[in-house]
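This briefing is meant for a reader who is meeting the structure for the first time. Please look over the sequence and the model below before reading on.

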Amino acid sequence: MTEKRDSAPSTLLQRFFSGVSESIFHGQLGVVDVQLVDYINSLLIRFVRTDMLHTVRRATGRPATEVVEMLIEADKRIGVARREVHRHVGDFTLFWSGMYPESLRQMKSRDHADHFVDYCQQGKRAYAIASSIEGGDDRPPCDLLRRLSEQFEMCAYGLREVRRELENRDGDPPHQKTLLF
C-alpha cells in the first residue's frame, strides 16, 4: 500500500504533463511522433526535480552547472558515458530554451562561462553527437536523439507552448485547479 501512495503523486504528475504535452504537440503543432512527445514529457518529469538539471559532475565532484562545463566533461568521457553527458546537454539546453527562454539572458551574462554559448546550436550538436553513440536497449534510441537534434527549434517552441498552457491554468477558477491535483 505504501508503494502506491509514494508513486501516486508521480503518476498523477506524469499524467498531467502527458496530457498537456500531447495536447500541445499533437493537437496544436500536429506532431504525431509519439516517441518524441513521450521523451519531452519524461524530460519535464525529470526536471521537476531541480537537482536533475545538474547531474553532470566535474572531476572535483561538484556539479557542472553551465553548458561549457558540461561539454568539457563530455570530452573527457568515452562510450555510453560520453553519450549520456551529450544527451544531458541536449536536454538541459532544450529545457531552458523552451520553458524559460527569458532566463537565457542571465545565464549568458558576462559573469557566466556560457556567455558565448548558443543554446539552440549546442543542444542540436549535443543530441547529434549522442545519437552517433550506441547506448543499449535501456537508453533512448539513436534515431530519437537524431530527431531531437533535427527538430530542436520545434521542440523548444512546443515547450514554450506547454509553459504558456501551464501559466494559463493559473487563471482557472479554484475549483478547476483541485481537479488537476
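This is a predicted model: local features need pLDDT of at least 70, side-chain atom pairs count only at pLDDT 80 or more; totals for chains, interfaces and linings use all residues.

**The chain as a whole**

- The chain holds nine helices and zero strands, so that, read from the N terminus on, its elements run α-α-α-α-α-α-α-α-α.
- The chain has 181 residues, of which 41% count as buried, and it exposes about 10200 Å², with carbon and sulfur atoms supplying 52% of that area.
- Among the contacts in the chain with a separation of 6 or more, 66% are accounted for by residues 24 or more positions apart.

**Helix α4 and Val-89**

- In α4, 16 of the 21 residues are buried, and the helix is therefore largely enclosed by the rest of the structure.
- Val-89 is found in this helix and counts as buried because its relative accessibility is 0%, under the 20% cut-off.
- When residues up to four places away in sequence are not counted, Val-89 touches Val-67, Met-70, Leu-71, Gln-122 and Ala-126.
- Val-89 and Val-56 lie 33 residues apart along the chain, while their C-alpha atoms are separated by 9.1 Å.

**The largest nonpolar core**

- The largest nonpolar core has 42 residues, and those with the most contacts inside it are Leu-94, Phe-95, Tyr-127 and Leu-148.
- The elements that give two or more residues to this core are α1, α2, α3 (67–75), α4 (79–99), α6 (119–131), α7 (142–150) and α8.
- Leu-94, leaving aside its neighbours within four places in sequence, is in contact with Met-99, Tyr-127, Leu-148, Phe-152, Cys-155, Ala-156 and Leu-159.

**Helix α8**

- Helix α8 covers residues 152–169, which makes 18 residues, and it reaches 26 Å from its first C-alpha to its last, close to the 26 Å expected at 1.5 Å a residue.
- The buried residues in α8 are Phe-152, Cys-155, Ala-156, Gly-158, Leu-159, Glu-161, Val-162 and Arg-163; among them, Phe-152, Cys-155, Ala-156 and Leu-159 are also contacts of Leu-94.

- Asp-33 is found in the loop between α1 (2–28) and α2 (34–46).
- Is Asp-33 buried or exposed? Asp-33 counts as buried because its relative accessibility is 19%, and the cut-off for buried is under 20%.
- The side chain of Asp-33 makes a polar contact with the side chain of Arg-147, at 2.5 Å.
- Arg-146 is found in helix α7 and is partly exposed, with a relative accessible area of 39%.
- Arg-146 and Ser-132 are 14 residues apart in sequence, and their C-alpha atoms are 8.2 Å apart in space.

**Cysteines**

- A disulfide is a covalent bond between the sulfur atoms of two cysteines, and a search of the whole structure finds zero disulfides.
- Cys-120 counts as partly exposed, at 22% relative accessibility, whereas Cys-142 is buried, with a relative accessible area of 12%.

Methods
Residues are numbered from 1 along each chain as its sequence is written. Side-chain values use heavy atoms; hydrogens and water are left out. Helices (H or I, at least four residues) and strands (E, at least two) are DSSP runs, numbered from the N terminus. The expected span of a helix is 1.5 Å times one less than its number of residues. Buried means under 20% relative accessible area, exposed over 50%, partly exposed in between (1.4 Å probe, protein chains only). A disulfide is a pair of cysteine sulfur atoms within 2.5 Å. A polar contact is a pair of N or O atoms within 3.5 Å; within protein, one must be able to donate a hydrogen and the other to accept it, and residues adjacent in sequence count only if both atoms are side-chain atoms. A nonpolar core is a set of buried Ala, Val, Leu, Ile, Met, Phe, Trp, Tyr and Cys residues joined through side-chain atoms within 4.5 Å. Contact means heavy atoms within 4.5 Å. Accessible areas come from the Shrake-Rupley method with a 1.4 Å probe; for residues, only the protein chains shown count as cover.
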